[in-house]
Structures are given as C-alpha cells and as structure tokens.
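Thanks, everyone, for making the time.

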Amino acid sequence: MNDDSFENELRKFQFLPPPTACRTTVLAVTKDRRKLFAWLPWVALAACWIVGLSLQADAGTLVWQRPAAVPQSQPMPTPIQRDEAILQLLAELNAALRDTAPPNAPKSYVPQFHVYPDQTNHPSHESKSKTLG
Amino acid sequence: MPDLAKLYDLHAAALYAFLRQLTQSEADAQDLLQGVFVRLAQSKNRVQQVLLNERSFLLTVAHRLFLDSLRRQDSRARTLRAWETQSALFVGTPSESPFDAESLEVALGQLPPDQRAVVHLKIWEGQTLEEIATLLEIPVPTATSRYRYALQKLRKHLTPGVEAPPLRPASNQPTL
C-alpha cells in the first residue's frame, strides 16, 4: 500500500458531529456576549465623559460649581482668614483712636471696639470680651 | 454581522473534529468549540476574516485556543480527563477498509498533538502543506516532516504486516 492509497483509506473515515446540545449552548453564549458588548461603547463613552469632567475640576470643586464672579487668581478667603483680617483692622482702629485722644482725657473718652466670642457685641458679655489694641 | 448560527452549521462539525483530534477529549473539544464562536462574536474584524477565508481562519483560532488550553492545563486536569468516558471519534468503519475505526483512533491517539494536527488538516481537511504551515504558524519543512513521520507511525500501527515504504527523497519537497 503506497502513501496515496493509505491516505485515501484514512480519508474514508468520517468524524462524529458535535452533540446537538453543543449548538444550543454555543449560540446562547455568543448571543449573550453580543448583547453585553453592545453596551460597551456607551459605558466607555460615559467613563470618558466623567474622566474629562474630573480633569477640569480644581481642588475638588467642579468647574460649574465655582462662583463665576470670583476670579480664579483670587480664591475666596477662608472663615479664619476673614476673622483675622477683621481683628487686625479693629486693632489698628483702636490704636489710631488712642493716638489721637488728648493726653489728659479720661479713659472712658477713648472709645474701644470689642469683639465678643459669640459675635453678639452685647455688654452682658463684657466679662468674656477681649479688648483689642 | 453574519448569522453565527449559519456559520456554526457550516463549520462546527469540521472544527469539532479537529479539536477532538487535538484534545482527545469530548468535553475539551466542546469547550474550545464554544471558545472559537465566542471569539468570533466579540470582534467584527474576525467576522470579516471568516467571510474572506472561512474555514482556515476558524481552524487557526481553534488551534491557538488549543495551545492556550495546553499551557493552562495542570496535571490534575489531565488525570481527570483520562477518566472521562469518551464517545467514539469516528462514525464507524467504512466497508472494505483494511483497518477499523477503533484501531485508527488508538493509532491517532499515540501521535503527538503536533503531528495529529498536521495529519488531520492534510487528510480530512484537504489542505496543502503550505496552507497547513500558514495555519499552524510553522515553517513548511516542519509541517512536511511532521506529516511524513505521522503517516509512517500510523501505517506501522494499522498495517503491521505490511512494510512501510521509505520516506520520499527530499528532491522536490523540503524536509528538516
């Protein structure tokens, strides 16, 4: 038996086909995959949009949340910075009043500005108050 | 997008036979067959390639999946597979055949997977050695020698009384 006739003998053998259930499984799986991947572009687009917005965010605040009137070069002062600036102004004012008062003027003549801890500026809180200057 | 059901009906039997031949396991062949069609469903480019060169492309994907599965498979999986009950590989023995289907199945099982792949593609898919080399991503001389050695082993197993002719001289065919 030469090579060709041996090959021909082999060629006569037929393989068994895959089980019928295999077709059902394969088509069910591929259908699910196609449905899944149909959503993928939209998910990717949404992810890109979120990443783009995050890149525009400045110090944790998104662009559209920042007040438009405040320029970016002058950030809003924090409450502590604002209080310190007010105290500084009051101290300067008290010093100026003291300097301009007559030398023999009574102590009550010179007005004093107080800052009360509870911000009410009420005389009943005088004991807790702090005299500036 | 072409109908995957139609592609399945056209090619699944051939792919399953090829995978069954490579894996020697019914369950693994079914898993890999499913893998081929899942890959096909994932990419439009792949579908275009299938349309251009249907069977060869699918066989290439099947072969790559088989190689991947070989790399992943541990010894425990191989042991478990050895205990699986396998259905026959062939429909039956053709009339007037000098050997039977069971002997052929045993003989094929004794070949290394590389040689089984080449024999299957040459005998049952009718591919040329050049096409097989492209499909399996190996040099043509390698495909040629694998085929010759495999055929010699099959002949020795299936027709023990008949002396096999010597390998053809390498005058017009490349060898290793």
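Predicted model: local features only at pLDDT ≥ 70, side-chain atom pairs only at ≥ 80, totals over all residues.

Within chain B, Arg39(B) forms a salt bridge with Asp68(B), and here the closest N and O atoms are 3.7 Å apart. Because Arg39(B) lies in helix H2 of chain B, residues 26-42, and Asp68(B) lies in helix H4 of chain B, the pair ties together parts that are 29 residues apart in sequence. Arg39(B) is partly exposed, with a relative accessible area of 28%, and Asp68(B) is partly exposed as well, with 24%.

The next pair is Arg146(B) with Asp114(B), for which the closest N and O atoms are 3.8 Å apart. Since Arg146(B) belongs to helix H9 of chain B and Asp114(B) to helix H7 of chain B, this pair ties together parts that are 32 residues apart in sequence. Asp114(B) is partly exposed, its relative accessible area being 39%.

Let me now turn to the contact between the two chains. It takes 27 residues from chain A and 45 residues from chain B, and the two chains bury about 3300 Å² between them, with 69% of that on carbon and sulfur atoms. Across this interface the rule finds one salt bridge, and it finds eight residue pairs in polar contact, both residues being at pLDDT 80 or more. On the side of chain A that touches chain B, helix H1 (3-11) and helix H2 (20-56) of chain A each supply at least two residues, and the largest share, 10 residues, comes from H2(A). Sorted by class, that side of chain A has 14 nonpolar, four polar and nine charged residues.

As for chain A in itself, it has three helices and two strands, which follow the pattern α-α-α-β-β along the sequence. Of its 133 residues, 15% are buried, and residues 24 or more positions apart account for 17% of its contacts with a separation of 6 or more.

Finally, I come back to helix H7 of chain B, residues 113-124, whose 12 residues reach 16 Å from first C-alpha to last, close to the 16 Å expected at 1.5 Å a residue. How many of the residues of H7(B) are buried? The count is 10 of 12, so by the cut-off of under 20% relative accessible area the helix is mostly covered. The buried residues include Arg116(B), His120(B), Lys122(B) and Trp124(B). What covers the buried residues of H7(B) includes H1 of chain A, together with helices H1, H4, H6, H8 and H9 of chain B. Just after H7(B), Gly126(B) takes a positive phi of about 65°.

Definitions and conventions: Residues numbered from 1 in each chain as written. Chains lettered and ligands numbered in written order. Heavy atoms only, no water. Contact = heavy atoms within 4.5 Å. Buried area = accessible area lost by both parts, 1.4 Å probe. Salt bridge = Lys/Arg side-chain N within 4 Å of Asp/Glu carboxyl O. Polar contact = N/O pair within 3.5 Å; in protein donor to acceptor, adjacent residues only side chain to side chain. Helix = DSSP H or I, 4+ residues; strand = E, 2+ residues; numbered from the N terminus. Nonpolar A, V, L, I, M, F, W, Y, C, P; charged D, E, K, R; others polar. Expected span 1.5 Å × (residues − 1). Buried < 20%, exposed > 50% of the residue type's maximum accessible area, 1.4 Å probe, protein only.
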